[in-house]
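Good morning, everyone, and thank you for making time for this. Please take a moment with the sequence and the structure before I start talking.

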Amino acid sequence: MSTAVAIAHPNIALVKYWGKRDLPLNLPAVGSLSLTLSGFSTRTSVTWGAPADRLELDGEPIDGKEASRVFRFLDRIDADRPPVHVASTNDFPRGAGLASSASGFAALALAATRAAGQELDRTELSRLARQGSGSACRSLWGGYVRWDVGTRDDGHDSVGRPVAPLDHWDLRMVVAVVDAGRKKVGSTEGMERSRTTSPYYQAWVDTAEADVEEGTAAVLARDLKRLGTVMEQSTLKMHAAMHTAWPPLLYWQPGTVACLHAVHGLRNRGIGAWATMDAGPQVKVLCTPDDAEAVAEALRPHAERVHVLSPGGPARLA
Ligand code: DP6
């Protein structure tokens with residue numbers, strides 16, 4: 001029996017991943033670019049060689065689909081593995097469009113391989129984490145991270161890689177939690193529904209690579225207006241493909257729209273603030289540290305809670 005504990009942070013995509021070209025391997029239809037954030041974290045303990053397979057999330061025993069996703073992931077580490085006990089806690093809402101699957105599978109990949117006595121390098125860990133949840137491959141790294149779409153059928157070249165470390169550019173992501181409830185349609189199902197039913201899906205895929213290039217160049221040049229513009233447009237294009245799927249994927253709530261208008265109001269007042277969203281109603285706003293308080297103040301009337309998050313580091317062993 002051996003236990004290892006790992007901590008990972010969520011990452012928020014600056015240029016979005018939405019759509020898969022291979023479901024079992026989680027190979028993306030598009031490349032993406034992200035920022036790993038401090039402030040929120042997942043802590044996961046893995047005991048390799050337990051009496052039976054057992055999963056606990058935030059103190060509650062879990063079974064069903066969520067548990068089989070975790071145990072199938074552990075089978076990828078060792079097909080002849082012993083029973084494993086996984087206990088994971090988040091200090092932020094899970095399954096609400098706040099990237100808990102990214103930090104969750106990044107922490108799990110690191111803790112589980114270590115508990116199993118394997119020493120994988122970061123790229124190998126990123127490749128493994130991707131198979132649990134696509135966006136998790138980016139949380140193995142800190143700071144600004146790119147996930148390449150790759151061309152190989154086995155996914156070997158579809159991994160997260162660092163673009164710039166967290167101290168390259170000190171930005172803030174102001175997170176407006178509009179509704180912390182669990183989302184009704186998970187990302188995997190939502191992506192497949194968009195791919196198979198939205199007439200806008202192909203346009204989304206066709207324009208994504210240029211956005212990843214533009215976003216990467218903006219990060220390297222530390223050009224916030226350029227990055228914010230491509231980020232907000234990538235988000236709205238992704239949501240256009242969601243809204244035009246059938247049945248429609250309408251993750252937005254009234255507070256979401258109010259936050260987006262508040263962000264545009266800030267820009268009209270000359271404050272550099274740009275919005276992004278994921279598969280949920282929450283709005284995340286990118287800005288400089290100096291503007292973070294003004295941004296938080298503009299979002300507060302429309303949100304349950306507002307968090308100001310800074311760039312964060314890579315997944316690590318505790
Ligand atoms: C909207 O990584 O959660 O947050 O690969 O099916 O687990 P699976 O999906 P997941 O999708 C994240 C989608 C997104 C955009 C992004 O993070 O790039």
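I will speak about the ligand and its surroundings, and then about a pocket.

Please keep in mind throughout that what you see is a predicted model.

Let me begin with where the ligand sits: domain 1, residues 2-169, and domain 2, residues 172-309, both give residues to the shell around the ligand, so the ligand lies between them. In total, 18 residues surround the ligand, and the closest are Tyr17, Lys20, Ser133, Ser135 and Thr188. If we sort that shell by class, there are 6 nonpolar, 7 polar and 5 charged residues, while the largest share of the shell, 3 residues, comes from helix α4, which covers residues 187-197.

Which side chains place a polar atom by an oxygen atom of the ligand? Ser133 has an N or O atom of its side chain 2.7 Å from a ligand oxygen, a polar side-chain atom of Asp278 lies 3.0 Å from an oxygen atom of the ligand, and for Ser101 the corresponding distance is 3.2 Å. As for cover, the ligand on its own has 460 Å² of accessible area, and the protein covers 94% of that area.

Let me turn now to the second largest pocket, which holds about 220 Å³ of space. Its lining is made up of 14 residues, and those nearest the centre of the pocket are Lys183, Lys184, Leu250, Tyr251 and Gln253. By class, the lining of this second largest pocket divides into 7 nonpolar, 3 polar and 4 charged residues.

Terms used. Residues numbered from 1 in each chain as written. Predicted model: local features only at pLDDT ≥ 70, side-chain atom pairs only at ≥ 80, totals over all residues. Heavy atoms only, no water. 1 Å grid on protein atoms, 1.4 Å probe; cavity = no way out; pocket = protein on both sides within 12 Å on 5 of 7 lines; lining within 4 Å. Points joined across faces, edges and corners; volume = space filled by probe spheres on them. Nonpolar A, V, L, I, M, F, W, Y, C, P; charged D, E, K, R; others polar. Near = heavy atom within 4 Å. Polar contact = N/O pair within 3.5 Å; in protein donor to acceptor, adjacent residues only side chain to side chain. Areas by Shrake-Rupley, 256 points an atom, 1.4 Å probe, with all protein chains shown as cover. Helix = DSSP H or I, 4+ residues; strand = E, 2+ residues; numbered from the N terminus. Domains from an automatic or database assignment.
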